[in-house]
Number of protein chains: 2
Amino acid sequence: MPWEKQFNVDEALGKAMEAFWAHGYEATSMQDLVDCMGINRGSLYATFGDKRSLFVQALRRYDAIHRHDWAAAISRSRSPRQAIVGIFEDAIAVVLNTGTRKGCLLVNTALELSPHDDEVSRIVEHSFSEMETFFSGKIEAGQAIGEIPDTVDPTETSRALLSLFIGLRVLARSRPEEALLRSIAHQADAMIA
Amino acid sequence: MPWEKQFNVDEALGKAMEAFWAHGYEATSMQDLVDCMGINRGSLYATFGDKRSLFVQALRRYDAIHRHDWAAAISRSRSPRQAIVGIFEDAIAVVLNTGTRKGCLLVNTALELSPHDDEVSRIVEHSFSEMETFFSGKIEAGQAIGEIPDTVDPTETSRALLSLFIGLRVLARSRPEEALLRSIAHQADAMIA
DNA sequence: AAGGATCTTGAACGTTCGTTCCATACTCGG
DNA sequence: CCGAGTATGGAACGAACGTTCAAGATCCTT
């Protein structure tokens with residue numbers, strides 16, 4: 001009968017996710033992954049398959065934690081309008097508090113791999129689409145309770161908020177200045193006021 | 001005395017720019033560049049230096065043509081407000097007409113290299129900063145001739161437009177759907193109406 | 001206690017990477 | 001018309017790439 005793995009699979013995948021997040025797909029070598037995941041080459045291939053397969057698993061995990069779970073958590077504790085604003089504010093807070101320039105793995109991947117990899121493209125598209133739905137759903141819910149004006153078009157505005165949010169993530173990685181980021185969050189709020 | 005080069009340096013650099021634009025820095029090999037530039041390895045190194053140096057030259061060239069010259073051309077033929085809208089519309093037109101998913105080399109680079117390369121980061125920051133200045137300048141000019149309401153804050157709005165524009169470029173590369181892109185341009189217009 | 005199944009380990013694979021170098025082709029001033 | 005000097009073409013470099021594999025270590029079942 002099998003011998004249990006000596007490492008935590010989820011934990012190792014989390015380390016891989018961080019590496020891809022920080023350096024991108026191409027710039028992260030298998031040696032980098034072996035080092036940062038703390039497991040052996042053989043174990044890595046036996047558990048996660050090849051590099052691309054590992055990346056896809058890391059990307060799905062990122063989407064689950066940093067998009068799905070995050071949106072769900074914010075929905076639980078805030079009103080519709082405050083949930084929208086909160087998404088922007090939280091993203092900014094991470095940049096300012098941690099000082100990291102990792103941005104968002106999904107956005108990074110949208111540029112690096114989406115144009116050339118169909119499976120990856122589908123994951124990114126689905127995630128972006130869900131973000132859009134999150135925004136439009138919140139707008140409609142906010143309008144239902146009178147928190148957001150009826151003059152706001154849920155479809156058009158949710159797409160603009162998605163674009164604004166993606167822009168924020170790009171700038172957070174390339175030009176992480178507080179005033180700049182805050183202006184963007186402020187304008188997002190103005191769109192639904 | 002020297003023997004003149006048998007290839008056009010500007011033309012070759014243009015080909016390199018296209019390659020980096022389409023596939024990114026890491027995913028473009030020197031062999032790819034030798035093939036697409038149509039010149040020999042030796043000539044390539046003698047003329048442009050190493051890979052990173054070639055990339056920086058290609059990036060500067062991209063910035064000159066697709067940001068500086070483009071903004072200048074649009075400023076010449078349109079009113080301030082129409083210049084802002086035109087930037088968004090032109091970007092969309094390129095996606096829809098050519099069907100390419102290259103996005104914008106500066107935005108692609110902001111994610112792939114900016115966090116890890118200071119010189120590249122400075123080029124990208126300068127370019128983004130100039131875009132911001134373009135927007136705020138147009139807003140003020142539009143306000144001066146009564147084309148844009150005085151209630152619009154030039155500083156805040158120009159930053160939001162920059163973020164919106166960057167988001168558009170990301171989506172153009174990962175999810176090039178006409179309705180989505182048009183909504184973003186429409187909301188950009190609404191910001192200055 | 002022994003056998004078998006799985007995980008671990010690290011060396012090794014062939015390929016591709018970015019880069020260098022040299023013999024050859026060529027132009028132009030003397 | 002010849003020699004100085006640059007561009008060209010392609011072979012070759014060592015390093016790093018992603019991937020595979022065989023041998024040893026470990027635990028569970030019988």
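Predicted model: local features only at pLDDT ≥ 70, side-chain atom pairs only at ≥ 80, totals over all residues.
**View 1. The fold of chain A is built from helices.** Chain A holds nine helices and zero strands, and when it is read along the sequence the pattern is α-α-α-α-α-α-α-α-α. Taken along the principal axes, the C-alpha atoms of this chain fill a box of roughly 60 × 40 × 30 Å.

**View 2. The two ends of helix α3 in chain A.** Helix α3 of chain A covers residues 41-48, and at its start a side-chain oxygen of A:Asn40 comes to within 3.0 Å of the backbone nitrogen of A:Gly42. Just after α3(A) comes A:Gly49, which takes a positive phi of about 80°.

**View 3. A salt bridge between distant parts of chain A.** Here the side chains of A:Arg52 and A:Asp117 meet in a salt bridge, with an N to O distance of 2.6 Å. A:Arg52 belongs to helix α4 (residues 51-77) of chain A, whereas A:Asp117 sits in the loop between α6 (105-112) and α7 (118-144), so that the pair links parts of the chain that lie 65 residues apart. Over all chains, the count of salt bridges comes to 26.

**View 4. Helix α7 of chain B and the residues at its ends.** Helix α7 of chain B, made up of the 27 residues 118-144, reaches 38 Å from its first C-alpha to its last, which is close to the 39 Å expected at 1.5 Å a residue. The N-terminal end of α7(B) is capped by B:Asp117, a side-chain oxygen of which lies 3.1 Å from the backbone nitrogen of B:Glu119. Following α7(B) is B:Gly146, whose phi is positive, near 75°.

View 5. Chain B can be laid on chain A with an RMSD of 0.1 Å by a turn of 180°, with a shift of 0.0 Å along the axis. The two copies are therefore related as by a two-fold rotation axis. The same surface serves both copies, since 100% of the contact residues of chain B recur in chain A.

**View 6. The interface between chain B and chain A.** The contact draws 40 residues from chain B and 40 residues from chain A, and between them the two chains bury about 3,400 Å², of which 62% is on carbon and sulfur atoms. Between chain B and chain A, 18 residue pairs are in polar contact, with both residues at pLDDT 80 or more. On the side of chain B that touches chain A, the elements giving two or more residues are α1 (9-23), α6 (105-112), α7, α8 (154-174) and α9 (178-191) of chain B. Helix α8(B) gives the most to this side, with 14 residues. By residue class, the side of chain B that touches chain A divides into 18 nonpolar, 13 polar and nine charged residues.

**View 7. A salt bridge across the interface.** The rule finds two salt bridges across the interface of chain B and chain A. A salt bridge joins B:Glu132 with A:Arg175, and the closest N and O atoms of this pair are 2.9 Å apart.

Technical notes
Residues numbered from 1 in each chain as written. Chains lettered and ligands numbered in written order. Heavy atoms only, no water. Least-squares fit on C-alpha atoms with pLDDT ≥ 70 in both. Contact = heavy atoms within 4.5 Å. Helix = DSSP H or I, 4+ residues; strand = E, 2+ residues; numbered from the N terminus. Expected span 1.5 Å × (residues − 1). Polar contact = N/O pair within 3.5 Å; in protein donor to acceptor, adjacent residues only side chain to side chain. Buried area = accessible area lost by both parts, 1.4 Å probe. Salt bridge = Lys/Arg side-chain N within 4 Å of Asp/Glu carboxyl O. Nonpolar A, V, L, I, M, F, W, Y, C, P; charged D, E, K, R; others polar.
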